[in-house]
Amino acid sequence: MSDVAVRAENLSKLYRIGERDRYFTLRDTIMKFVRRPLARFSDNGNGVSSSGLAESTIWALKDVSFEVKRGEVVGIIGRNGAGKSTLLKILSRITQPTEGEARIYGRVGSLLEVGSGFHPELTGRENIYLNGAILGMKKAEIDRKFDEIVAFAEVEKFIDTPIKHFSSGMYMRLAFAVAAHLEPEILFVDEVLAVGDVAFQRRCLGRMGDLAHEGRTVLFVSHNMTPIVQLCTHVIWLNTGKVVEKGDPRKVSSDYLRDSRVPLGEAVFDPSVGSRGATLLRGYVADEDLSVRPDIPYSKPFCIVFEYGVEGSINGLRVGVRLYNERNQAVLHTATSDGSSTNGTVGQAGKHRARVKIPGAWLAPGRYHAEVGLWSPLVGHHVHVMNALSFDIIAGTVESVGEEVLRPLLPWIVE
Amino acid sequence: MNLRDESFSSPAILIRPISGWVALNLRDLWEYRELLYFLVWRDLKVRYKQTVLGVAWVVIQPVFITLVFSVFFGRLVGVPSDGIPYPVFAFCGLLPWQLFAYAVTNASNSLVANDRLITKVYFPRLVIPLSAVLSGLVDFIFAFAVLLAMMAYYGIFPTLALWTLPGFLLMAMASAVGVGLWLSAFNVEYRDVRYTLPFITQLWFFISPVAYPTSLVPEKWRFLYGLNPMTGVVEGFRWALLGTSQSPGAWLGVSVVVTIALLIGGLYYFRRMEKNFADVV
C-alpha cells in the first residue's frame, strides 16, 4: 500500500449554477428569508420541493475514483467543463468536495496558474520571492535556487526591473521558472502550458519530464495530446464530471480524439449527420503538409479539411465553414462557392475532400471552433454542425492581449 | 524499501467534505508564517509606489486632521482635553484610531482583493486578513515618531504607565483582526460590506473618544461606552503616553472582554466560512 501517492474515492462536487459567476447581496438573502414561509406553503400545495434544487445545481464532478502510484505521470483530459480543473482544485485543497474523499501521501505542490500573486510594480527578484512563498517554498529554499531560477527564465538583465515592463514572454518564463523549481513529491499542474511560444512550451514539458524521471508523481491537465502521449504513464478522461476511460495514454487519447463529443483538431462524424444524399464523414485541422494537428503555430498557414460523401449528384452543392473565437464571435466565413473553379466537382457523386487554406500570421492566437455546412439551393442544409471542430492557434513571435480578432503581420514603415 | 518509505515520510492529507464548526488549526498558520511575512512585505513595497510624497502621506493625514480638530473642536467649540494641550490630545487618540480603521478596512477587503490567490493556491486563508492588518503597523510607527516630537515640543513626558502601551497596541490590533475577520468573510459572500465600510468606520470614529475625552460621557453610560473596544484602546494610549490624571476605569475591563470575544468569534466564524471562499469569491 505504501506505493500509493493519491487515492480518490467517489469524489463529487456540486455547484449551484451561477455560483462561480455571481455573488449574493444581503438583499437577496433577506428576500429569500422573507419568501421562505411562502415558498414552504406553496411547496406543501403541490409537493415538488426537491425539483427546484435539481434544476439550479450541477455536478461538476461525480463519483470520480482513481489511484495514482508513486512516480506515475497521469494526464487528465477532457473538453471544457469536464471537471478537470475542479478535480485539481479539490486535490489541491482549494475547494472541498461535496461527497467522497481523497488521500494524498506526500508533500504536494500545485500549479493551477503560473505567476500567482505576481505584482506588476515589483521587480523580477521581488516577485520570485513572493511567488515562491505563495507556492509554499521557504525563503532559504528560494535563496538557494535563485540563480537557477533566473537562468532558467533568461531574465538576468532585467531581474531588478519592475515586471510591468516585461514582455509577456519574459513574464511567462519568469513565472514558470519559479514553479519549475518547486520540488514537491506530488505535483498537480493545470493547463498552464497552453500559453507562451512553442520553444517555451517545449522547455516546460522537458522540465515536467525531468520531474517524472526523478520519481516524482505528476498529475496534469492538457488539451494537447502530444505531451500526454509522450510523458504520461496513465491517462484519465473526464466528461461532464465522470470518468469515461482511464489507462494507457495512447489508447485513451485516441479514443478521446475519435469521440465526436470532443472534436479537438480532428472529428469523425456519425454517418447519420446528413440528409438527402450528402453526408459529412470527417473533419480535421492540419498543417501545410496535411498532417493533423490541433495546435497551429501562429505564423504558419494551415488547412481546414472536411471529407464528405455525395450519392447521386447534387446541383449547386457548396461547403461552407465559419470560424468562431473563444468569445463566440464569428471571425470568418468561407465557402467553396467563393471561387468558381471548384463548382464542378463539389456536388459530384463520390467521396470528396474539401480543403481550405488559411494564411499564417493572420488570426489572433487563441482557441477557435468551426461550424460547417453542406448546402444546396434546392434542399438548403444537408448537413449543419455548429461545433464541428476546434483547434488552437499558438502565439509565436507576436504578443497578443487576447482581445482582438485578427492579428495580422503587416508591413510597417517608419521614416 | 524502508529507505524509500523514509524519504516519503510526510503524513497523509485527507480530503473530505467538512461542515459546521472546525478547529482553528493555528499550527497550519505557523507553517505558513513566511508567506505572511512576504504578503506584508509586498503590501509595504507597493503601497506608495508612483506617489510623489510616498510614505509622507502616513504623517500628513493625521497631522492635518489634528490641525482641523484643534481649530474647530479645541478652539471654537472648546472641547475639554483632560488638561493636555488639545493638539497632542487629539493626535494621540488618532494614532490608534487610524491604525484600527486602516486595518479593519484593509482586512475586510483583503479576501476579495486577493481572489486570484484564493481560487488558485492553497494556504491557510487567515494569512490574508492578518497580513492586511499587520501592514498597517508600519504606518503607525512613522506617525508615532511624530507624536514623540509633538510631546517633546509641548514638554509632556510619559509616566511609568508607559510600559502598558504595548498592551493597548496589541488590543487595537486584536480588535481590528477580530472585526476584520468577520467583515472579510462576510464580504466574500455579500459585497455590501464594501459600501458599508466607510459608513461603519465613520460612525465608529464618533463613538470612540478620539476628538473628545471619555470624561464627557456621563458616569452611568460608561459601561455601555466601554463595549466599544476602541474606548479602552484610545484612553489607554493617552494614559500610557500622556499620563492623563485618572487611570482607565472598569470600562477598560469591558473593552478587553469585548475584544477577546470579537477575536475568538471572528476566528471561528472565518474558519467555518473558509471552505467556501474559493467557490464564492
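Visitor: What makes β4(A) and strand β1 of chain B a pair?

Guide: The model here is predicted. In it, β4(A) and β1(B), residues 12-15 of chain B, are joined over four bridges. A pair needs at least two bridges, so the two strands count as paired. Their sense is antiparallel.

Visitor: Which residue stands opposite Arg103(A)?

Guide: Leu14(B), in β1(B), stands opposite Arg103(A).

Visitor: How many residues of chain A are in contact with chain B?

Guide: 41 residues of chain A are in contact with 31 residues of chain B. Four elements of chain A each supply at least two residues to that side: α3 (84-91), β4 (99-105), β5 (108-111) and α4 (124-134). The most comes from β4(A), with six residues. By kind, the residues on this side of chain A are 17 nonpolar, 11 polar and 13 charged.

Visitor: Why is α3(A) called mostly covered?

Guide: A residue is buried if 20 or more other C-beta atoms lie within 10 Å of its own. In α3(A), eight of eight residues are buried, so the helix is called mostly covered. Among them are Lys84(A), Leu87(A), Ile90(A) and Leu91(A).

Visitor: Why is Arg93(A) called partly exposed?

Guide: Arg93(A) has 18 other C-beta atoms within 10 Å. Buried takes 20 or more, exposed 12 or fewer. Arg93(A) lies in the loop between α3 and β4 of chain A, just after α3(A).

Visitor: What is the phi of Arg93(A)?

Guide: Arg93(A) has a positive phi of about 65°, although it is not a glycine. Most residues other than glycine have a negative phi.

Visitor: Where is Asp63(A), and what is its phi?

Guide: Asp63(A) sits in strand β2 (residues 57-69) of chain A. Asp63(A) is not a glycine either, yet its phi is positive, about 50°.

Visitor: Why does Asp63(A) count as partly exposed?

Guide: Asp63(A) has 15 C-beta neighbours inside 10 Å. That count lies between the cut-offs of 12 and 20, so Asp63(A) is partly exposed.

Terms used: Residues numbered from 1 in each chain as written. Chains lettered and ligands numbered in written order. Predicted model: local features only at pLDDT ≥ 70, side-chain atom pairs only at ≥ 80, totals over all residues. Contact = placed C-beta atoms within 7 Å. Nonpolar A, V, L, I, M, F, W, Y, C, P; charged D, E, K, R; others polar.
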